Amino acid sequence: MSLLDRLGSVFKGPEELNLTGGGIGRPLFYLSLPIVITNLLQTAYNLADTFWLGQYSTEALAAISFGFPMVFLLISLGMGISIAGSVLVAQHIGAGEEAEAEYAASQTVSFAAIGSIILGSIGFVAVGPFIDFLGASPDVLPLATNYMQVIAAGLPFMFGFFVFIALMRGYGDTVTPMLVMFGSVVLNIAIDPFLIFGFQGNPLFSMLGLDGLEATLLALTGYTGSGITGAAIATIFSRALAFAVGIAIMIQGVRGVRIRPSQMRPNFQYLRKLFEIGGPASVEVTGRALSVNLLLLVVGLFPTPVVAAFGIGTRVFSVIFLPAIAVARGVETMTGQNIGAQKPERAGMAADFAAKWTLIILSVVGALTLLFPRPIIAIFTNDPEVIKVGADFLRFVAPTFGFIGVMRAYSGSFRGAGKTLVAAAISVIMLGLIRIPVAYVASQSYGYAGIWLAFPISNVAGALIAYTWYRRETWRTGSVRGPTPADD
């Protein structure tokens with residue numbers, strides 16, 4: 001069996017998956033697996049920048065620490081439109097309305113481009129004052145500003161690629177975005193050290209024992225690298241290429257949903273539909289980003305080891321919950337297509353199946369985490385105090401890992417049904433009305449352990465709220481399809 005045959009047996013495209021008929025587990029697994037890998041590749045993307053800039057200077061490393069939250073915030077603000085496009089495409093495909101799905105995709109790309117240009121322009125101007133407000137030192141501020149201005153200028157390419165992923169997912173194709181992401185990550189990792197260091201003091205040449213070649217290339221080009229700006233250029237260049245490939249795929253219609261340039265003329269009546277679906281989704285994603293920053297205000301009241309343990313713990317959670325996030329996206333697509341096909345019972349079965357199995361699997365992961373909390377934290381630090389505090393953090397939260405899976409599964413189904421406001425409400429209640437207040441109040445009585453206590457309380461509450469709300473079955477009337485304008 002060739003490598004391509006082996007890959008084909010693991011990854012299956014939409015032509016091989018029936019999302020509106022047959023069993024639930026098989027299509028959900030094949031839909032979600034590439035999303036897990038795509039998210040892992042995104043993590044590798046960020047790690048590459050962190051690794052090479054860590055080799056460059058401490059100030060550069062600190063600069064991207066200030067830059068990443070702003071990147072995430074900018075993308076979060078515009079993420080709603082990609083979710084809206086994904087939901088619309090899924091529901092139209094489920095209803096057999098290929099032309100309407102193409103129109104929805106075309107309009108989504110058009111308005112995403114407009115929105116990302118506006119957000120990028122605002123970000124370009126505001127990045128300096130914003131990073132200064134966050135407390136960047138005089139040595140770090142200009143580096144972070146330079147990095148973020150390049151990112152802001154290239155935001156349409158970054159955001160356009162995320163829209164491509166979302167639209168293809170709505171169609172039921174998660175394999176193609178994974179492959180494009182893989183190529184983008186490989187390119188970014190390959191060009192990062194050259195654009196950061198150039199041909200002087202480049203650790204890549206030392207690692208490979210090619211110092212003589214480096215000296216020759218320096219003599220020929222005189223290029224000594226662009227530092228942190230080079231890392232930003234590498235990111236934008238690789239994302240721009242991925243975006244171009246994604247747009248070409250959709251225009252040609254060779255894989256997944258097709259977009260048509262003739263249908264990309266902005267229809268502001270259609271924008272209202274995109275906003276009604278995507279506005280709450282943006283609130284949900286942005287709220288998650290802000291909740292971490294708000295919790296930092298509470299965590300920051302305690303000594304540095306507590307802050308460090310919190311940072312390590314949240315990164316551990318981000319990896320552990322990748323499968324739950326991927327399954328939620330798969331449920332979103334399956335719900336959308338089945339709502340479009342007028343099969344709400346099957347949509348409900350998909351959500352229940354996903355909730356049950358993510359509860360079981362993540363609970364097992366939580367049990368394993370309880371057995372080895374100190375070694376897990378020790379991967380990231382050798383400070384004994386941070387290891388102790390971080391291990392306590394994991395012990396508090398690990399027993400409730402499975403509840404995050406339940407909440408994510410049902411929230412994904414709400415989004416797929418077009419009930420993005422419900423999904424946003426669950427997230428706001430769980431994080432803004434439960435986790436952050438409990439963390440602050442409990443920390444006054446129990447110290448930093450009170451912050452850790454807020455996580456299991458909010459995890460369980462979020463799962464119960466999502467489950468109870470889902471049982472009301474108001475999502476069954478969640479069709480957001482509408483007639484495509486006659487002149488289009």
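A: Let's start with helices: here they are DSSP runs (H or I, at least four residues), numbered from the N terminus. Bear in mind that this is a predicted model, where local features need pLDDT of at least 70 and side-chain atom pairs count only at pLDDT 80 or more, while totals for chains, interfaces and linings use all residues. Residues are numbered from 1 along each chain as its sequence is written, and side-chain values use heavy atoms, with hydrogens and water left out.

Now the pocket. On a 1 Å grid over the protein atoms alone, a pocket is an open set of points where a 1.4 Å probe fits, with protein on both sides within 12 Å along at least five of seven lines; lining residues have an atom within 4 Å of a point. The second largest pocket holds about 360 Å³ of space. It is lined by 16 residues, and Phe 29, Pro 323, Val 327, Thr 358 and Ile 361 are the closest to its centre. H14 supplies the largest share of that lining, seven residues. Helix H2 (25-56), helix H13 (322-340) and helix H14 (344-371) each give at least two. By class, you'll find 13 nonpolar residues, three polar and no charged ones; Ala, Val, Leu, Ile, Met, Phe, Trp, Tyr, Cys and Pro count as nonpolar, Asp, Glu, Lys and Arg as charged, and the others, Gly among them, as polar.

Ile 361 also turns up in a nonpolar surface patch of about 680 Å², together with Trp 357, Ile 360, Val 364, Leu 368, Leu 371 and Phe 372. Such a patch joins nonpolar side chains (Val, Leu, Ile, Met, Phe, Trp, Tyr) within 5 Å, from residues with over 30% relative accessible area and no salt bridge. Leu 368 sits in helix H14 and is partly exposed at 47% relative accessible area (buried is under 20%, exposed over 50%, partly exposed in between, with a 1.4 Å probe and protein chains only).

Most residues other than glycine have a negative phi. Gln 342 is exposed, at 65%.

Glu 345 is partly exposed at 48%, and Arg 476 is partly exposed at 29%.

Methods:
Grid points are joined across faces, edges and corners, and a volume is the space filled by probe spheres set on the points. Patches are made of residues with over 30% relative accessible area and no salt bridge: like charges are joined within 9 Å, nonpolar side chains (Val, Leu, Ile, Met, Phe, Trp, Tyr) within 5 Å. Accessible areas come from the Shrake-Rupley method with a 1.4 Å probe; for residues, only the protein chains shown count as cover. A salt bridge is a side-chain nitrogen of Lys or Arg within 4 Å of a carboxyl oxygen of Asp or Glu.
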